[in-house]
Amino acid sequence: MTTIYVPGDSGALSLGADAVCRAISREAAARRLEVQVVRNGSRGAYWLEPMLEVASERGRLAYGPVSVADVPGLFDARWLQGGAHRLLLGPTEELAWFANQQRLTFERVGVVDPRSVADYVAHGGYQGLRRALSMDPAAVVDRIVRSGLRGRGGAAFPTGIKWKTVLEQPPGQKYVTCNADEGDSGTFSDRMLIEGDPLSLIEGMTIAGIAVGATQGYIYLRAEYPHAWRALTQAIAAAYAADYLGGDVMGSGRRFELEIRVGAGAYICGEETSMLESLEGRRGEVRVRPPLPAVKGLFGRPTIVNNVITLATVPLILREGAEFYAGFGMGRSRGTLPLQLAGNIKHGGLIERAFGLSLRELLYDYGGGSASGRPIRAVQIGGPLGAYVPAAQFDTPLDYEALAAIGAMLGHGGIVVFDDTVDMARMARYAMEFCAIESCGKCTPCRIGSTRGVEIIDHIIAGRDPQGNLERLEALCDLMVQGSLCGLGGMAPFPVQSAMKHFREDFSARAALMGVRPRSAPSAAAADVGGSDDVCN
Amino acid sequence: MHTSAVDRSPDVRRILGQFKDRPGPLLEVLHTVQAAFGFIPPESISLIAEHLNLSRAEVHGVVTFYHHFRCAPPGQHVLQLCRAESCQAVGAEALAAHARARLGVEFHESTPDGRFSLEPVYCLGNCACSPAVMLDGRPYGRVTPERLDALLREADGAPGGDE
């Protein structure tokens, strides 16, 4: 019996994978052929999805992108025996796009059956937890410290230091929480990992619990990810059934319980203290720090808050050792990062590489340039709060410090590509608009500043006193950066400031275009702040 | 259609019973109530508040804070259209204009016949297949205005959302 892999990843589903799967079953039955279909995750080459794989003596052979209409032809071409067909791409692992990656965190995504504990174990799963259970908790934490792993949610705080703080708190109830509220546009690595290899996240959280003495874990998963919820729910049930979760983890006598909590469409809940508020059943308003969540977090107890990718990388570090992981990367950015290429790009998808790859290599070698065929004018890195980077800076290496040096940030590793038809004043307006929609409302600079920002940019776009309004906008951005309580208001100005800096012509050219007369106005944005309180509704 | 004459309190009480011993259960309760009725019936707020030892203001505050919770029944089919940067980079704004014109509604509104609701969403995590939409919980990628018309026609012939 031949095994066919048909991705059940929601990206593949969005391109018709379910219908292709049904067509394969129909066609196989009609031809009296026995096939076993596995719904794997996506390999991340979304321009080839639905990308199917057939198990063969030469390894797995990839065919894609496959539509329902192609299915009879694939059987006619004897694809179960590796027959030639115009959609045959070759052995998956040998395709240049995969062969040139360094897949560590994503080693099993697209490879295994996400529901199967046996398949997970057969591909190196649970070796890390076994190792952790044989070690002193402090030694587990030390291994994470030495690996150099930093928070992949975007803040890049050293994971081991966070764990050490929780470990050092007095004994009592502690928690491990996973932030799976992946709200940044252009990012989908958390979703792919949860849909394709959820057990690695479950194992990582269990190791965290064992290391710091926490017996309860929560995964805060966004409501926009129903397929990830399904995959995670099935995987948690399978892990409980096989005693990898529960009162006696792997026969060690140690307890670790795990539960999913679903978010409700608030971007701010990706901020860690806001996520904790939401987990406790309240409005997702940010908390003032200190105290840090590691000291006083969920329900007032010491709490680890880590992103999906951070936690899913932990089992590998325990299995292969800290030095193995730290051997990848550059400078203070150790290991690999699953980069996500999106927007106007020919070959969008997930590329896991060690830190240090240049933006240009990513955009052109992996991405193949823009989807429209027009020149790439700007990329936004790190989500809606990330800076816009112009083509002149595409040789910057992708590492935390190098991007910070040009006033950008890597964040969660999402890169959104825009061609030369983009209007950067409009994108700056959108950054402020998004902040106004998603502000939790707790602090004034974010709640009111964002709405004032939209208004000022509207004036600029309409050609009203562009010079004065640009100055006002710069002052407002400065105020929001300095005065906001958390990263939403504090970073929403980054795309605006970078757009003004690198794409000034999109702002200033409007005056000439409109042939307008200057208008007198207050000199500082601060004078404009303090209007209506009613911006969040 | 739901009408206010229906007494939903036994169902709400049963849901509250399910979460009796859970810490911080309000969001879970609201999700389950919305899954049962399609929205959070306004009259359920005081019942939920009473059972969880919260004020009505606190429950109302949570319901209205989160974009996901609705206070009125949605249309039979819910179209969520992504308006975030990645989708904007490949024509989401034109797709949004097309959807508004085709359905004759603005975002956050339902068609007068109750067939469709149009909702904005800020990222479905399908950014490598932008523009992305979700129709009744099913994802669709690389959606052109023509493809959107076909999806809406298909849904209109079907009985309703199943997610």
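In this model, 45 residues of chain A are in contact with 36 residues of chain B, where contact means C-beta atoms, placed from the backbone, within 7 Å. This is a predicted model, in which local features need pLDDT of at least 70 and side-chain atom pairs count only at pLDDT 80 or more, while totals for chains, interfaces and linings use all residues. Residues are numbered from 1 along each chain as its sequence is written, and chains are lettered from A and ligands numbered from 1 in the order in which they are written.

**Side of chain A that touches chain B**
- Helix 1 (10-13), strand 8 (257-262), helix 12 (272-279), strand 12 (336-343) and strand 16 (414-419) of chain A each give two or more residues to this side; helices (H or I, at least four residues) and strands (E, at least two) are DSSP runs, numbered from the N terminus.
- Strand 12 of chain A provides the largest share, 4 residues.
- This side has 21 nonpolar, 16 polar and 8 charged residues (Ala, Val, Leu, Ile, Met, Phe, Trp, Tyr, Cys and Pro count as nonpolar, Asp, Glu, Lys and Arg as charged, and the others, Gly among them, as polar).

**Domains of chain A**
- Chain A is divided into domain 1 (2-99), domain 2 (117-326), domain 3 (332-419) and domain 4 (424-527), with bounds from an automatic or database domain assignment.
- The C-alpha centres of domain 1 and domain 3 of chain A lie 30 Å apart.
- In chain A, 5 residues of domain 1 are in contact with 6 residues of domain 3; the domain 1 side has 4 nonpolar, 1 polar and no charged residues.

Terms used
Contact = placed C-beta atoms within 7 Å.
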